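Welcome, and thanks for taking a look at this one with me. Below are a few numbered points on charged pairs and on a pocket, to read alongside the model.

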Amino acid sequence: MEIQKIPSADLQTIAEINLEEDTKKAMGNNLDISSTRNTESGGTAGIEKKKRTLAELEEKLSVKMKELYDKIQQAKTARDAAQTGYQNAQTAWNLAQSKYHMGMLDKAAYLGEEMQYIQKKAGLESADLELLQALEDYQWAVRGIVSLE
């Protein structure tokens, strides 16, 4: 058994997200909404109650989908910022390595640059995982697996 690296979030998939279409799909796939649609109404009062319940569930799902979409956008912004920070740290780290090997940088400064680089790399990996989780949550909601509570 080999432990694999978790893949990065697919930025193309994120770019192709259509909230309106995905919300429609989610409404068709959601078990709460589907079971409410398929229950017997039993008279005028039952029909009205069923309509209200369906409208309430659909509104909750629309709000939840918007929340999940916004979470993806926030996570992508955070990931983009982490990517920029990582690239800057990588450039500084490469420069520090060159300076250190030429004797222009002492060990403490070299280790400080290495620590900055490692922190930025970890920050990027963390932001990427957050984005992946946000995307996964959204995709599950489209498939109908989401809590409306």
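1. The classes run as follows: buried is under 20% relative accessible area, exposed is over 50%, and partly exposed lies in between (1.4 Å probe, protein chains only).

2. Before going further, a word on the basis: this is a predicted model, in which local features need pLDDT of at least 70 and side-chain atom pairs count only at pLDDT 80 or more, while totals for chains, interfaces and linings use all residues. Residues are numbered from 1 along each chain as its sequence is written, and side-chain values use heavy atoms, with hydrogens and water left out.

3. K51 has a partner in E48: their side chains form a salt bridge, 4.0 Å from N to O. The term means a side-chain nitrogen of Lys or Arg within 4 Å of a carboxyl oxygen of Asp or Glu. K51 and E48 are 3 residues apart in helix 4 (residues 43-101), so about one helical turn separates them. Helices here are DSSP runs (H or I, at least four residues), numbered from the N terminus. E48 is partly exposed, at 36% relative accessible area.

4. Which residues are joined into one network? Salt bridges that share partners link E20, E21 and K24. In one of them, the closest N and O atoms of E20 and K24 are 3.8 Å apart; in another, those of K24 and E21 are 3.9 Å apart. E20 and K24 sit 4 residues apart in helix 2 (residues 19-29), which means about one helical turn lies between them. K24 and E21, also both in helix 2, are 3 residues apart, again about one turn.

5. Now for the largest pocket, which holds about 230 Å³ of space. A pocket is an open set of points on a 1 Å grid over the protein atoms alone, where a 1.4 Å probe fits, with protein on both sides within 12 Å along at least five of seven lines; lining residues have an atom within 4 Å of a point. The volume is the space filled by probe spheres set on the points.

6. What lines the largest pocket? Its lining includes K5, P7, R79, Y86, K121 and D128. Helix 4 and helix 5 (107-142) are the elements that give two or more residues to this lining, and helix 5 provides the largest share, 5 residues. By class there are 5 nonpolar, 2 polar and 5 charged residues; Asp, Glu, Lys and Arg count as charged, Ala, Val, Leu, Ile, Met, Phe, Trp, Tyr, Cys and Pro as nonpolar, and the others as polar.
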